[in-house]
Amino acid sequence: MTMHPVSVDAMIEDLRTLVEVESPSRDLDALAASAKTVAAVIERRLGGHAVLVESEAGPHVHWSGGGEPQVLILGHHDTVFPLGTLERRPFKVEDGHATGPGVFDMLGGLVQAIHGLAALEDRSGVEILVTADEEVGSRSSRALIEERALACGAVLVFEGAADGGGLKTGRKGCGTFQVSVTGRASHAGLEPAAGVNALIEAAHQVLDIEALGRPEIGTTVTPTVAAAGTLDNVVPAEATVVVDVRVETAREKERIEAAFAALTPHLDEAVITVDGAISRPPMPESASAELFAVAERLIPGIEGKAVGGGSDGNFTAALGVATLDGLGAVGGGAHADHEYLVVDAMAGRADLVAGLVKAIRHK
């Protein structure tokens, strides 16, 4: 099969183009502009037509190379950075690193995937899906992701690489719960006993919730944000606690969700309500075994790592579809101001895309 050489300069050009169109999650105008830019880059490098799939979260971008679907290239174009970040942290390349909002998570991965496919003369059987809401839970894109994953039968996810450039062969399931406490207000000086202190109830709940974790088997339960009270002389009538949860197994997912549903008040007359779930199921390492073996043949010695963060690969792996993640940029600093991409690794990652696609289509 004919392959064309990958140009790092061309990849940097496209990366600059994507980074300089800011795309914070939930900003529909920004995401609309970003989706058009992603589609234009895909069409310029791969030909064909990239379709904008409208949703309440912003446009997703879908491209097909034609023929029978065999492999889905999966990514997202939304980022965690608010508008104005680019002005403070403009795109630049120096000392072998590209920096700017979204270079590692995950615009660099998109560019590498596109250029890896562009190196192939025959792009049939390949689909690209770039969603607009991965950073905020993929609620509008999940059904489309699952549909295309099942149709293709193999998924390559272009989230940033693991530390040291490794691939991500497993991911924890993850979700967020919000525990809301309703008490009763009263004057903190004149009649404190007449109130039901929602803050005290929330403190009891935080300790109960923290005790649900089982880190020895990969389950972490971490209260992260709390709010309570209105004035310094009023017994608080309301409080909320937000909790981050990560699990490695479906059994733990069920246990944690049942435990949150069973939370009960410690104080008389306090009322507790719980919202949330483990919205991304675990991605077991078994889901990536076959594809990782192919990657090892292409790059002997490449590492595979199970990681704590979730991605849209969790959804596809839970369906039983072969899924390999962490194929994107080599670098680090996801969601942080020191985010960076290693330029010298770009060509090798693009070549890995091409090799994986060829292997999947000819197995």
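## Basis

The model is predicted: local features need pLDDT of at least 70, side-chain atom pairs count only at pLDDT 80 or more, and totals for chains, interfaces and linings use all residues. Residues are numbered from 1 along each chain as its sequence is written, and side-chain values use heavy atoms, with hydrogens and water left out.

Helices (H or I, at least four residues) and strands (E, at least two) are DSSP runs, numbered from the N terminus. Two strands pair if DSSP finds at least two bridges between them.

Strand β6 spans residues 126-131. Six of its six residues are buried (under 20% relative accessible area; exposed is over 50%, partly exposed in between; 1.4 Å probe, protein chains only). The strand is therefore largely enclosed by the rest of the structure. Side chains in a regular strand alternate between the two faces of the sheet. In β6 both faces are covered. Val126, Ile128 and Val130 are buried on one side. Glu127, Leu129 and Thr131 are buried on the other.

Strand β2 (residues 60-64) runs antiparallel to β6, joined by four bridges. Trp63 stands opposite Ile128 of β6. Strand β3 (residues 71-76) runs parallel to β6, with six bridges. Here Leu72 has Glu127 of β6 as its bridge partner.

Strand β7 covers residues 154-157, and both of its faces are covered. Ala154 and Leu156 are buried on one side, Val155 and Val157 on the other.

β7 pairs in turn with strand β14 (residues 322-324). That pairing is parallel and has three bridges. Val155 stands opposite Thr323 of β14.

## The four-stranded open sheet

An open sheet is formed by four strands in the order β4-β5-β16-β15. Its pairing is antiparallel. β4 (92-94) and β15 (331-332) stand at the edges. Each has a single partner strand, so one side of each is left without a neighbour in the sheet. β15 pairs with β16 (residues 340-342) over two bridges, in the antiparallel sense. Gly331 has Leu341 of β16 as its bridge partner.

Helix α4 (residues 103-118) packs on this sheet. It touches β5 (97-99), β15 and β16, where contact means heavy atoms within 4.5 Å. The direction of α4 makes about 35° with that of β16. Axes are lines fitted to C-alpha atoms, for helices over the stretch in contact, and angles run from 0 to 180 degrees between N-to-C directions.

## Packing of α1 on α10

Helix α1 (residues 8-19) packs against helix α10 (residues 346-361) at an angle of about 95°. Their axes are 10 Å apart. The two helices are therefore roughly perpendicular to each other. Angles of 65 to 115 degrees count as roughly perpendicular, under 35 as roughly parallel, over 145 as roughly antiparallel and the rest as oblique.

Val8, Met11 and Ile12 make the contact from α1. Met346, Ala347 and Ala350 make it from α10. By class, the contact has six nonpolar residues, no polar and no charged ones. Ala, Val, Leu, Ile, Met, Phe, Trp, Tyr, Cys and Pro count as nonpolar; Asp, Glu, Lys and Arg as charged; the others, Gly among them, as polar.

## Cysteines

The whole structure has zero disulfides (a pair of cysteine sulfur atoms within 2.5 Å). Cys152 is buried, at 7% relative accessible area. Cys174 is buried as well, at 10%.

The peptide bond from Asp105 to Met106 is cis, with omega near -10°. Met106 lies in helix α4.

Arg26 is not a glycine, yet has a positive phi of about 75°. Arg26 sits in the loop between α1 and α2 (28-46) and is exposed, with a relative accessible area of 64%. His335 also has a positive phi, near 70°. His335 is in the loop between β15 and β16 and is partly exposed, at 44%.

Lys36 lies in helix α2 and is exposed, with a relative accessible area of 56%. Lys36 and Leu18 are 18 residues apart in sequence and 10 Å apart in space, C-alpha to C-alpha.
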